[in-house]
Amino acid sequence: MDWEFILEKLLLITVVVTVSLVVAMYATYIERKFAGFIQDRYGPDRAGPFGILQPLADGLKLFFKEEVIPSHSNKLLFVLGPCLAMLTAMMTSAVIPWSSPIEIGGRTVSLQIADINIGILYVFGVVSMGVYGMMIGGWASNNKFSLMAALRGASQAISYELAMGLSLIAVLMLSGSLSLRVITEQQVTGLWNIVYQPLGFLIFFVCALAECNRAPFDLPEAESELNFGYHQEYSSMKLGFFLFAEYINMFISCALIATLYLGGYDMPFVNEANLSGSSAAIVGAVALFSKTFFLILVFMWIRWTLPRFRYDQLMNLGWKSLIPLALANMLITGAVILWTMKG
Amino acid sequence: MEALTQRSKPVDRSPMTWLERIYLWNIFKGMLITFTHFFKKRATIKYPEQTRPFSPVFRGLHVLNRDEEGRERCTACGLCAVACPAEAITMEAAERLPDEENLYREEKYAAKYEINMLRCIFCGLCEDACPKDAIYLSETFAPANYSRKSFIYGKKDLLIPNPVTNKEEYDIAKGLIEKKKKKS
């Protein structure tokens with residue numbers, strides 16, 4: 001534990017946080033453009049060429065808005081809600097391996113903030129804490145709609161985390177490790193996990209949509225029924241934090257899906273072993289980011305295609321379809337692994 | 001009752017097949033539909049730069065007309081004000097002085113002629129009522145403004161440019177030539 005190590009990690013954290021923030025910022029712009037194109041419109045095109053300064057304008061607007069804290073709300077919790085949402089959204093990025101290690105001046109720098117051997121458990125822990133942001137925000141607003149939304153959000157998150165975890169167990173059985181670095185390295189040398197686990201990928205993807213509160217599972221913020229749900233009473237940058245956290249969550253969960261199922265930083269048709277350390281790392285980062293962006297686009301594409309699920313439909317899908325499917329997937333995977341080990 | 005169009009389709013209420021019940025295939029089909037919209041023509045026009053053409057019978061802002069010698073046609077008879085259902089028009093008449101014959105066509109003219117654009121309903125009855133062809137409705141509409149007062153349009157705002165002394169602007173107002181684009 002030398003000072004260079006600490007400096008290196010601090011730098012990496014800064015870079016990762018900045019990148020996630022910028023990606024989240026521009027995800028709002030891309031989302032609006034995407035929605036525009038799907039609906040035969042142009043989307044934002046006034047601020048700067050093609051409207052690329054739109055996210056900055058939006059952020060600036062949010063900063064200058066009046067801060068309103070409802071008089072009957074619990075002020076501490078009211079402020080804590082969006083902070084927690086933002087914090088948990090950022091924390092998940094710590095265990096994602098962004099690329100293979102890079103060599104700078106004879107030092108091998110790992111492009112992963114923390115390669116802990118329980119990476120996936122850590123992700124699950126942090127993601128389930130993300131519900132608290134929503135819960136606390138909805139509760140502290142002291143508003144019926146917000147409370148309803150918070151309840152919905154919490155029950156939705158709990159139901160879908162189950163199926164998500166079950167679908168992941170199959171991946172863990174394949175790889176035999178909880179470390180995301182190990183899972184990725186196995187995919188770099190072997191086949192991607194989606195080949196072994198198409199059903200698991202599908203279940204994980206649907207659950208990720210639900211976990212990020214994205215349409216068609218955006219019940220906690222249902223504009224039409226709950227009037228923006230848990231962030232109804234929020235204004236100014238606190239609202240901005242909630243909205244921002246959603247996009248960061250989306251980015252991180254897409255990166256996670258890419259890491260777990262789509263080979264992480266593995267560039268297809270390129271043998272990384274032939275490349276030198278630094279160029280392999282750059283190629284890997286490009287590969288991971290393009291996979292992540294593709295998944296983000298699919299998330300958006302789904303949002304602007306499908307209408308919102310009804311609450312009972314959501315629960316039916318989660319408990320009656322996804323969990324049994326994930327269980328079956330787990331059992332079949334286990335059986336196949338046993339069979340191949342025997343043979 | 002007979003259907004007005006042949007576009008309505010009978011609703012298919014047969015039980016869903018397995019493929020339909022798992023819902024994924026239909027989601028995929030829906031996503032293909034939204035994807036095709038990427039390549040469709042945009043319905044939007046970029047407004048301040050692009051405008052939609054008005055129909056030739058559009059009733060917009062009022063214009064007070066001049067005759068070919070550039071004299072105001074209005075004689076302040078007040079028929080337009082009487083015809084106006086919204087009571088948006090007020091005027092004050094004045095007598096033409098001997099040296100003003102190049103300014104006003106008749107012996108009497110409107111010294112003050114005001115239309116309140118917030119009251120006006122753009123029905124065009126003033127245009128119909130006018131015996132002198134002095135007022136007509138153009139193809140533009142009143143631009144937005146910050147104060148109510150600025151929506152009371154006086155003679156300065158309404159009169160068409162003089163065709164004798166200011167030919168170019170008169171032609172622009174008539175729509176005979178294109179307005180020169182501002183260099184941006």
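Start with the largest cavity, whose volume is about 400 Å³. A cavity here is a set of points on a 1 Å grid over the protein atoms alone where a 1.4 Å probe fits but cannot get out; points are joined across faces, edges and corners, and the volume is the space filled by probe spheres set on them. Select A:Val127, A:Gly130, A:Glu211, A:Cys212 and A:Asn249: of the 28 lining residues (those with an atom within 4 Å of a point), these are the closest to the centre. The structure holds 3 cavities of 30 Å³ or more.

This is a predicted model, in which local features need pLDDT of at least 70, side-chain atom pairs count only at pLDDT 80 or more, and totals for chains, interfaces and linings use all residues. Residues are numbered from 1 along each chain as its sequence is written, chains are lettered from A and ligands numbered from 1 in the order written, and side-chain values use heavy atoms, without hydrogens and water.

Next, colour chain B by pLDDT, the predictor's confidence in each residue from 0 to 100. The chain B average is 84, and 94% of the residues score at least 70.

Now go to the interface. Contact (heavy atoms within 4.5 Å) involves 16 residues from chain A and 17 residues from chain B.

Last, select A:Asp45 and B:Lys46. Their side chains form a salt bridge, 3.0 Å from N to O; the rule asks for a side-chain nitrogen of Lys or Arg within 4 Å of a carboxyl oxygen of Asp or Glu.

Technical notes
On a 1 Å grid over the protein atoms alone, a cavity is a set of points where a 1.4 Å probe fits but cannot get out, and a pocket is an open set with protein on both sides within 12 Å along at least five of seven lines; lining residues have an atom within 4 Å of a point.
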